[in-house]
Amino acid sequence: MDFEPSDTQRALLDALGTLLSRHAGTQRSRQLAVRGAYDHELESELRAAGFLDLFGDSGAGPLEATLAVERIGAELGAITPVPHLLVLPALGLPVPEGPVVLADHERSGPVRYGREARQILTAGTDRCAAAELSPDEAEPVPSAYGHPLARVVPRRAEELAPGTAGTMVRWWRVGVSAEALGMMQRAFDLTVAYTKDRTVFGRALGSLQALQHRLAELSVLLEGARWLTYEAAFRGATAESSAVAAAHTMAALHRLTRETHQITGAVGLTREHDLHLWTLRLQALRAELGGLRAHRRAVVTSRWGVAAA
Amino acid sequence: MEFALSEADAAFRSDLVGFLDRELAEGWNRSEHGLGSAVYTDFSRDFVRTLAAKGWLTPHWPKEYGGGGQGAWQHFVLGEEMWKRGEPRGPQYMNVNWVGPSLIKYGTEEQKAALLPPIARGEVFWCQGFSEPEAGTDLAALRTRAVREGEGYVLNGQKIWTSYANEADYCFLLARTGSVSDGRNGISVFLLPLSTPGVEVRRIDGFVGAHSFNELFLTDVRVPGNCLLGEENKGWDIVRRTLAYERVGAPRYARAARVLDGLADWCRAAGLLTDPGVQEQFGHARALCEAARVLVHRVIDERAKTKEPSPMAYQARAAMVQAERAVGDLALDVMGSEALVEQSPGDAQFRNSLGAGIAAGSYEVQLNLISRLILKLPKE
Ligand SMILES: Cc1cc2nc3c(=O)[nH]c(=O)nc-3n(C[C@H](O)[C@H](O)[C@H](O)COP(=O)(O)OP(=O)(O)OC[C@H]3O[C@@H](n4cnc5c(N)ncnc54)[C@H](O)[C@@H]3O)c2cc1C
């Protein structure tokens with residue numbers, strides 16, 4: 001057991017941090033959001049630096065790829081890191097340029113970067129289907145939640161091998177957890193900092209025990225989600241570990257959204273304040289794969305071997 | 001980062017599991033009798049001797065004190081496997097987790113020679129005499145007095161909530177040797193044989209599982225000077241370390257997770273496990289048990305490396321409380337009135353979970369410490 005990053009992991013995250021400080025972050029995110037655009041530049045920088053190959057890399061692997069997804073989420077990278085760094089490599093599929101949409105056959109609804117995406121991967125009951133998307137058929141929908149969303153119509157679907165849906169869904173769960181984790185940590189840190197700076201009734205907001213306990217409980221949830229996610233990646237996204245990680249992470253996400261906005265008061269509800277850059281985008285992650293309730297049921301089907309409800 | 005036990009530790013676990021499965025095959029049923037019940041405690045006396053003979057009672061102690069010199073992970077694996085089975089060591093988990101290590105760290109050679117071997121052989125019970133009627137969370141407000149008389153001390157005062165005092169041979173007792181105004185700086189630790197004249201134990205009727213509370217009345221209890229552990233008035237340092245050992249020493253999530261498995265079996269038999277709402281509650285509780293596990297593992301990793309406890313332990317302990325509560329609540333929610341039947345799979349868990357956030361440092365105290373030491377939130 002070793003809960004500390006290895007030298008390789010540290011070096012990798014340092015390099016990624018440097019790249020993201022140049023090509024991602026709050027300012028970049030704000031600029032791109034105006035245009036509702038995918039960040040092709042960031043994607044190509046990551047590709048050139050080898051970050052899209054981490055999963056199968058001999059010197060790295062799925063855990064390193066998961067750590068990278070977390071960082072990209074934290075820095076608001078306007079790409080689709082979960083398919084690019086985890087799901088496609090896990091399925092042994094090539095990683096194309098531009099956004100890739102992940103979907104599951106039980107749910108429809110608008111998807112992130114649906115208008116720009118050329119590829120959609122849909123998890124069926126056993127197999128995945130890979131299909132093309134055409135921009136003419138995508139129907140953008142207005143949304144205040146930060147990601148450009150569109151309804152899409154998959155064409156010329158190609159069924160992949162048996163069992164691929166399971167692999168896809170498990171790595172998707174690990175990926176969405178890692179991405180959420182990075183984003184949640186930033187929203188949390190902003191909120192904690194706010195409680196230290198803000199004065200009420202002549203004392204720091206953060207000195208009020210009623211708020212301290214809520215923040216402390218959030219930190220417990222976040223740390224639990226973090227280590228469950230890393231552990232699931234380390235274990236190769238087994239059915240149970242990936243469902244547990246996603247269930248716990250999404251529970252944290254629900255709580256974090258409420259608490260960060262409550263504790264930062266009105267200023268946290270403005271576009272000027274950075275908090276919403278993370279909290280609004282997080283809501284798209286919350287909806288994936290059926291969300292909290294579905295992740296929790298997946299824990300049960302994997303642990304106790306019962307049929308899905 | 002690596003989330004697997006070393007080969008040696010994994011081999012130890014599998015030996016241990018095989019041994020426990022054989023040893024506990026008969027005469028032991030985790031759901032039938034709760035930790036603290038007479039049946040349980042009786043069982044534990046023989047069981048612990050068998051463990052000691054195998055070298056698995058105190059494997060993490062240094063060899064010179066009857067231990068096996070093994071690392072933090074083997075000690076922890078032992079605890080995890082024990083709690084999974086409902087802790088068949090009974091009260092002796094306290095001996096090996098924190099009483100022994102505190103004696104090893106602070107005891108004189110004479111104290112170690114006299115007190116450690118019986119613990120390592122599994123022959124004695126210890127209890128913890130910290131809390132008093134006016135000193136719970138605010139432990140430093142304790143009033144039990146120890147006054148020097150010749151070479152020894154005279155103890156007067158009252159302890160409360162002392163688990164296992166009715167069975168124990170010794171008490172790890174806190175008393176005030178300085179004045180009340182010294183607060184934490186006037187407290188000392190005494191190693192008190194409970195057979196000493198002037199000690200009276202009275203049971204308090206509680207309902208946290210089969211566990212029994214006790215009161216300890218001390219009236220002119222005369223003890224020799226060698227009952228003092230460490231230096232006079234320096235007891236608070238020992239307490240801090242003891243509580244750190246204790247905080248994650250009992251991996252209660254392992255028991256909660258095992259109970260949850262039992263509840264899943266029950267629900268399956270009752271045809272409830274395919275119900276989506278029931279599934280969601282199980283998924284929630286299982287995730288909390290797993291989160292507690294990884295957070296405790298993180299603390300053990302730190303202990304294995306640096307041996308100095310950090311504030312992360314407070315997050316781990318808070319997560320354990322959340323897990324125990326979630327499983328207790330689930331039991332009542334899904335089993336309905338069947339959970340109210342004594343010794344049903346849900347009964348002990350629910351009643352235990354009521355005390356989970358109180359014993360060994362309350363939940364709120366963990367949150368206070370996280371706020372201050374991890375989040376660095378300001379005091380008033
Ligand atoms: C099952 C069980 C076994 C026990 N075994 C032992 C034993 O063997 N030996 C022993 O010495 N003691 C034992 N105890 C006692 C235990 O250590 C105390 O109950 C504990 O320290 C809390 O003290 P209290 O009960 O007096 O509660 P109080 O201190 O009165 O606290 C009541 C409530 O107020 C909250 N609170 C207190 N201070 C603060 C604060 N500053 N901020 C926010 N909230 C606060 C607490 O968290 C708690 O919820 C046991 C308790 C239980 C439940």
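A word on classes before the site itself: Ala, Val, Leu, Ile, Met, Phe, Trp, Tyr, Cys and Pro count as nonpolar, Asp, Glu, Lys and Arg as charged, and the others, Gly among them, as polar. By that scheme, the shell around the ligand has 10 polar, 5 nonpolar and 1 charged residues. Please keep in mind that this is a predicted model.

Where does the ligand lie? It lies between chains A and B. There are 16 residues around the ligand, and those that come nearest are Gln128(B), Ser131(B), Thr137(B), Ser362(B) and Glu364(B). On the chain B side, domain 2 (127–232) and domain 3 (251–374) each give at least three residues to the shell.

From chain A, Gln209(A) places a polar side-chain atom 2.8 Å from a nitrogen atom of the ligand. From chain B, a polar backbone atom of Gln128(B) is 2.7 Å from a nitrogen atom of the ligand. Ser362(B) has a side-chain N or O atom 2.6 Å from an oxygen atom of the ligand. As for cover, the ligand taken alone exposes 970 Å², and the protein buries 67% of that.

On to the sheet. In chain A, 3 strands form an open sheet in the order 2-6-5, with antiparallel pairing. Strand 2 (111–112) and strand 5 (139–141) of chain A stand at the edges with a single partner strand each, so one side of each has no neighbour in the sheet. Strand 5 of chain A pairs with strand 6 (residues 149–151) of chain A over 3 bridges, in the antiparallel sense. Within that pairing, Glu139(A) stands opposite Arg151(A) in strand 6 of chain A.

Note on methods: Residues are numbered from 1 along each chain as its sequence is written. Chains are lettered from A and ligands numbered from 1 in the order in which they are written. This is a predicted model: local features need pLDDT of at least 70, side-chain atom pairs count only at pLDDT 80 or more; totals for chains, interfaces and linings use all residues. Side-chain values use heavy atoms; hydrogens and water are left out. Two strands pair if DSSP finds at least two bridges between them. Helices (H or I, at least four residues) and strands (E, at least two) are DSSP runs, numbered from the N terminus. A residue is near a molecule or strand if one of its heavy atoms lies within 4 Å of it. A polar contact is a pair of N or O atoms within 3.5 Å; within protein, one must be able to donate a hydrogen and the other to accept it, and residues adjacent in sequence count only if both atoms are side-chain atoms. Accessible areas come from the Shrake-Rupley method with a 1.4 Å probe; for residues, only the protein chains shown count as cover. Domain bounds come from an automatic or database domain assignment.
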